[in-house]
Amino acid sequence: MYRPGRGSANPFRCSACGNPQIRAFATMYSQGTSTAVSLKGFIFKHAYQKTWRQTEIAKICAPPQKQKLWPALLLIMLAAGGIFAVSTDFMSASLNSRVTVACFLLGWLGFYLVAYHFYWNLRHYPQRMNEYGRLHYCPRCGTVTRV
């Protein structure tokens, strides 16, 4: 545990009002988010119901999210399906060339997005999580303090 030396300022105080009761963003998020699972059915319990609730302060204190890869992979699959449709040769020649160009552009866009999101998740996401772990909220004055 960190203990400041004599005469030095306590870093775990609010920077605006000096309140020592600041709370970490992760704590605010976890205390304001709840999930309940229950069984549904009158006589026979046949389905699960999942209820997820979150306070407004928990929405504000939410951690950063990783970039999702599935939209980019969907573009790649769409491009592959278009190339397969073109290769079956059921379209006219002019439409066939236009569809081929559009599929290649969609494929390149998908590959670019996969590479970008992968890079972001690998490089930027850990930095954002590190910054998120240092943020604290003061319930007295409502300011955010970076420790």
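Asn121 sits in helix 4. This is a predicted model, in which local features need pLDDT of at least 70 and side-chain atom pairs count only at pLDDT 80 or more, while totals for chains, interfaces and linings use all residues. Residues are numbered from 1 along each chain as its sequence is written, and side-chain values use heavy atoms, with hydrogens and water left out.

**Surroundings of Asn121**

- Asn121 is buried, with a relative accessible area of 16%; buried means under 20%, exposed over 50% and partly exposed in between, with a 1.4 Å probe and protein chains only.
- A polar atom of the Asn121 side chain lies 2.8 Å from the backbone nitrogen of Gln67.
- Leaving aside residues up to four places away in sequence, Asn121 touches Lys66, Gln67 and Pro126 (contact means heavy atoms within 4.5 Å).

**Chain overview**

- The chain has four helices and five strands, and its pattern along the sequence is β-α-β-β-α-α-α-β-β.
- Helices (H or I, at least four residues) and strands (E, at least two) are DSSP runs, numbered from the N terminus.
- Of the 147 residues in the chain, 20% are buried.
- Among contacts with a separation of 6 or more, 57% are between residues 24 or more positions apart.
- The accessible surface of the chain is about 11200 Å², and 62% of this belongs to carbon and sulfur atoms; the areas come from the Shrake-Rupley method with a 1.4 Å probe, and for residues only the protein chains shown count as cover.

- Three strands make an open sheet in the order 1-4-5, with antiparallel pairing (two strands pair if DSSP finds at least two bridges between them).
- Strand 1 (23–24) and strand 5 (144–146) are the edge strands, each pairing on one side only.
- Strand 1 is joined to strand 4 (residues 135–137) by two bridges, and Arg23 has Tyr137 as its bridge partner in strand 4.

**Aromatic pairs**

- Rings of Phe, Tyr and Trp (its six-membered ring) pair if their centres lie within 6.5 Å; planes under 30 degrees apart count as stacked, over 60 as edge-to-face and the rest as tilted.
- The count by this rule is four aromatic pairs.
- Phe25 and Tyr132 have ring centres 6.1 Å apart and planes at 75°, so this pair is edge-to-face.
- The pair links distant parts of the chain, with Phe25 in helix 1 (residues 25–32) and Tyr132 in helix 4 (residues 93–133), 107 residues apart.
- Both Phe25 and Tyr132 are buried.
- Trp108 and Phe111 also form an edge-to-face pair, because their ring centres are 6.4 Å apart and their planes are at 65°.
- Trp108 and Phe111 are three residues apart in helix 4, so about one helical turn separates them.
- Trp108 is exposed, with a relative accessible area of 63%.

Methods:
A polar contact is a pair of N or O atoms within 3.5 Å; within protein, one must be able to donate a hydrogen and the other to accept it, and residues adjacent in sequence count only if both atoms are side-chain atoms.
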